[in-house]
Amino acid sequence: MSPIALALIIAAVVILAVVLIHNGIIGRLNATQRAWSDVIAQERQKNKILPALEEVAGQYASHEKGLLEKVTALRSALADLSSDTIDTKGLAKAEGQMSDLLRGLNLTVEAYPELKANETYGKLMREITEQQENIGAAIRIFNRNVERFNNGIEIFPNSLVNGLFTRKHRLDTFDDSEAAAGIEYKPNF
């Protein structure tokens, strides 16, 4: 084999490897964006149950105006989330407001035992629990995709191709600081 043919084969292999790595990075970015859209879609499902929750809370509004304000704040936070832009801080804000709302609901139930016996309230709480579980699953999938994407741009030789051609930046995973505060173990990495 002539040196020119060998050089051409090596060049073709290098070009093919660069194209495959570049396409892999783009594929992982697209998977991460799709996972983010799934998180937003799950968050928006809450909007479907909020009107019913407002109605039930409205029955106790004269005593529990704060609860209605929390529902309104949650709706606003959900409306601010975009499926086009990965905003883990906005998601953390909405999740925090959902936690505040659930705490308020629990306090309201303690003050009004007849509310706990309300059939509509029971359905809403089951729906909210299911929605929260779906959101948790969507966030785990999103974080897994972010990890794959970040590995895809940081591991050699992908980091070289990304630095020269693709130029994508590391993405942040969703971090629930409120939940992390309740765990004593802190990894040392």
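What follows is a friendly conversation about a predicted model of a protein.

Colleague: Let's begin with the overall fold. What makes up the protein, helices or strands?

Modeller: The protein has 7 helices and 0 strands. Read from the N terminus, the elements run α-α-α-α-α-α-α.

Colleague: How many of the residues count as buried?

Modeller: Of the 189 residues, 33% count as buried. The protein exposes about 11700 Å², and carbon and sulfur atoms supply 57% of that area.

Colleague: Now to one residue. Why is L105 called buried?

Modeller: Buried means under 20% relative accessible area. L105 has a relative accessible area of 2%, so L105 counts as buried. This leucine is found in helix 3.

Colleague: Which residues does L105 touch, leaving aside those up to four places away in sequence?

Modeller: L105 touches L53, L67, Y121, M125 and I128. A contact needs heavy atoms within 4.5 Å.

Colleague: On to charged side chains. Why is the pair D100 and R103 called a salt bridge?

Modeller: The cut-off is 4 Å between a side-chain nitrogen of Lys or Arg and a carboxyl oxygen of Asp or Glu. For D100 and R103 the N to O distance is 2.4 Å, so the pair qualifies as a salt bridge. In general, side chains of opposite charge can pair when their charged atoms come close.

Colleague: Where do D100 and R103 sit relative to each other?

Modeller: Both are in helix 3 (residues 88-111), 3 residues apart, so about one helical turn separates D100 and R103.

Colleague: How many salt bridges does a search of the whole structure find?

Modeller: The search finds 2. Besides D100 and R103, R170 forms a salt bridge with E154, with the closest N and O atoms 2.9 Å apart. R170 lies in the loop between helix 6 (158-166) and helix 7 (177-181), and E154 in helix 5 (residues 119-154), so the pair ties together parts that are 16 residues apart in sequence.

Colleague: Why is R170 called exposed?

Modeller: Exposed means over 50%. R170 has 53% relative accessibility, so R170 counts as exposed.

Notes:
Residues numbered from 1 in each chain as written. Predicted model: local features only at pLDDT ≥ 70, side-chain atom pairs only at ≥ 80, totals over all residues. Heavy atoms only, no water. Helix = DSSP H or I, 4+ residues; strand = E, 2+ residues; numbered from the N terminus. Buried < 20%, exposed > 50% of the residue type's maximum accessible area, 1.4 Å probe, protein only. Areas by Shrake-Rupley, 256 points an atom, 1.4 Å probe, with all protein chains shown as cover.
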